[in-house]
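Reader: Could you walk me through this structure, one question at a time? I would like the cut-offs along the way.

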Amino acid sequence: MDIEELKRNHEMKVDELGKFTRIQVREDEDNAFYQNLAEYIKSCDREVSVANTIIGNASKEEFLQAEEIIQEIVKDINPDWTKKQKAAYVHYEMGKRISYVPDFKFRGSDLGSKLPKNVKNIWKSIVEGQSICDGVTAIERNILSRVGVSTREISSKTHSFLLVETEEGNIISDATWDLKNSLYGSKPMYFGKTYEQVREIEKGQSNAHKLENPPENVIEIPDKELREIFHSLGYTDEDRKFLFPMYYKIQEIKDKEHDSQEEMIDEFLDMFTQDFSEEAMHLSETRNMLEGAMNEMGISSKDLTTKFVYQKSDEECEKPLLSLFVKNEQGRNEIKLLDIDEMQFKGIDVIDFDKEYKPHDLDTVQPFWKQYLPQMEKTYRENEMEEKTN
Amino acid sequence: MEWLIKIIQKLFKKDKIKLIEEPKNIQKTKEQRNDFILDLVQNADSERDDRNGYKIIPNIQLKDML
């Protein structure tokens, strides 16, 4: 099928811009359309960029690479499944494929940043494995439309999620807020909840789901039914409990005797980098999960700090690193830093840490480790301020 | 509410007593104020709320995720 025929049959925008062709498509076309588009792009000898929104373009190579991944997902979706099963499968698949952009104060509308161009484009996000809420929503919509499930994007002032049409009514799917749950194989919390239930969960903490006009005809998927749906997809055990292997690993570690809390944490972190090395690459979700794991091991949230830091040589703050600090009774001031390349947590003394790492350049809050530096390590400015006060 | 009006009428020996209900706009202002306070809390924790709605909900126990 040539591009003219595709244009005749589908709502798409094709612009010839100098040496390349820019193609902008809707997010809810069927699978045959994307297969035809891929065939056309493969044979196209001009440079091509494909977009699903105004910003963000995927190159020919990115589009074709991502299409292969999407086709794999589509192939795994049984056409006989109910729409709830299809939606559940895609919802859970997001956690395995996508990580939330671990950037400080990242704004999707900030056109000055390189990131938003990538993370809102379906194909680029899939290739790079990073996105934000409306990117995740776009990917979900795109895949579901290929398997005959109609969806609608819902946007609040700060967030975006999905309304899925099923045989029995509409269901809410917020795959972004469930990324860590689906990545680590635990129960999704934002699938099949009513609008009121979602608002209740976030009560007092966030207005991310607050809508001026809440969607109508939203049905709840009760816990029992949800477990049956996910069991049919292979995500629970025979007792319909989610597999969530991390939970059981933590229990094993907790059951052992340790000389100190520090020893237990070290054992956990070693186990984590060995057994969850693929998941650990998803920094935002891992940060959340580590906080939950530490809490499970009896570490109070007031004694735990996690933060994305950057090497001082990283001028543009492009490569966030996950740091973790547990305040201990012995007063040992060591910060754990996740080294992705060697896949291990390295303990770094707070003085050395301060020499090599920094918070994001836009972060105006005093870095947490400064309070643990010896007096002499205070900055010139801090000393100056103190002198003035005295 | 009628019984309260009757008691007040007897006490003050006045026939025309009308209880004033909280006007709807006060309720709306209260809600707006609560949202404003919530925004302040979120902004104070801005690293966790990147304004794209990815806010961590830390109060969940791992056993509830099974």
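This is a predicted model: local features need pLDDT of at least 70, side-chain atom pairs count only at pLDDT 80 or more; totals for chains, interfaces and linings use all residues.

Reader: How many Å separate the centres of domain 1 and domain 2 of chain A?

Author: Chain A is divided into domain 1 (3-232) and domain 2 (245-389), with bounds that come from an automatic or database domain assignment. Taken over C-alpha atoms, the distance between the two centres is 32 Å.

Reader: Which element gives the largest share of the side of domain 1 of chain A that touches domain 2 of chain A?

Author: Eleven residues of domain 1 of chain A are in contact with 14 residues of domain 2 of chain A, where contact means that C-beta atoms, placed from the backbone, lie within 7 Å. On the domain 1 side, strand S5 (99-100) and H8 of chain A each supply at least two residues; helices (H or I, at least four residues) and strands (E, at least two) are DSSP runs, numbered from the N terminus. That side divides into six nonpolar, two polar and three charged residues, with Ala, Val, Leu, Ile, Met, Phe, Trp, Tyr, Cys and Pro counted as nonpolar, Asp, Glu, Lys and Arg as charged, and the others, Gly among them, as polar. The largest share, three residues, comes from H8(A).

Reader: Why is one side of S7(A) and of S9(A) left without a neighbour in the sheet?

Author: Three strands of chain A form an open antiparallel sheet in the order S7-S8-S9, where two strands pair if DSSP finds at least two bridges between them. S8(A) and S9(A) share four bridges, and A:Leu163 stands opposite A:Ile172 in S9(A). S7 (151-155) and S9 of chain A stand at the edges, so the reason is that each has a single partner strand.

Reader: What angle does H4(A) make with S9(A)?

Author: Angles run from 0 to 180 degrees between N-to-C directions, with axes fitted to C-alpha atoms, for helices over the stretch in contact. H7(A) packs on this sheet by touching S7, S8 and S9 of chain A, and its direction makes about 20° with that of S8(A). H4(A) lies across S8 and S9 of chain A, and its angle to S9(A) is about 10°.

Reader: How many residues of H4(A) are buried?

Author: Buried means that 20 or more other C-beta atoms lie within 10 Å of a residue's own, exposed means 12 or fewer, and partly exposed is in between, with C-beta atoms placed from the backbone. Among the buried residues of H4(A) are A:Tyr89, A:His91 and A:Met94. The elements they pack against include helix H6 (122-128), helix H7 (133-146) and helix H10 (223-232) of chain A. H4(A) is mostly covered, and of its 15 residues the buried number is eleven.

Reader: Is H7(A) enclosed or open, and how many of its residues are buried?

Author: H7(A) has 14 residues and reaches 20 Å from its first C-alpha to its last, close to the 20 Å expected. Just after H7(A), A:Gly148 takes a positive phi of about 80°. H7(A) is largely enclosed by the rest of the structure, because the buried residues number 13 of the 14.

Reader: Which strands stand at the edges of the sheet of five strands in chain A?

Author: The order in this open antiparallel sheet is S13-S12-S11-S10-S14. Six bridges join S12(A) to S13(A), and two join S10(A) to S14(A). Each edge strand has a single partner, so one side is left without a neighbour, and these strands are S13 and S14 of chain A.

Reader: Which residue in the hairpin of S12(A) and S13(A) takes a positive phi?

Author: The bridge partner of A:Glu334 in S13(A) is A:Asp349. The hairpin has four residues between its strands, and the one with a positive phi near 45° is A:Met343.

How values were computed
Residues are numbered from 1 along each chain as its sequence is written. Chains are lettered from A and ligands numbered from 1 in the order in which they are written. Two residues are in contact if their C-beta atoms, placed from the backbone, lie within 7 Å. The expected span of a helix is 1.5 Å times one less than its number of residues.
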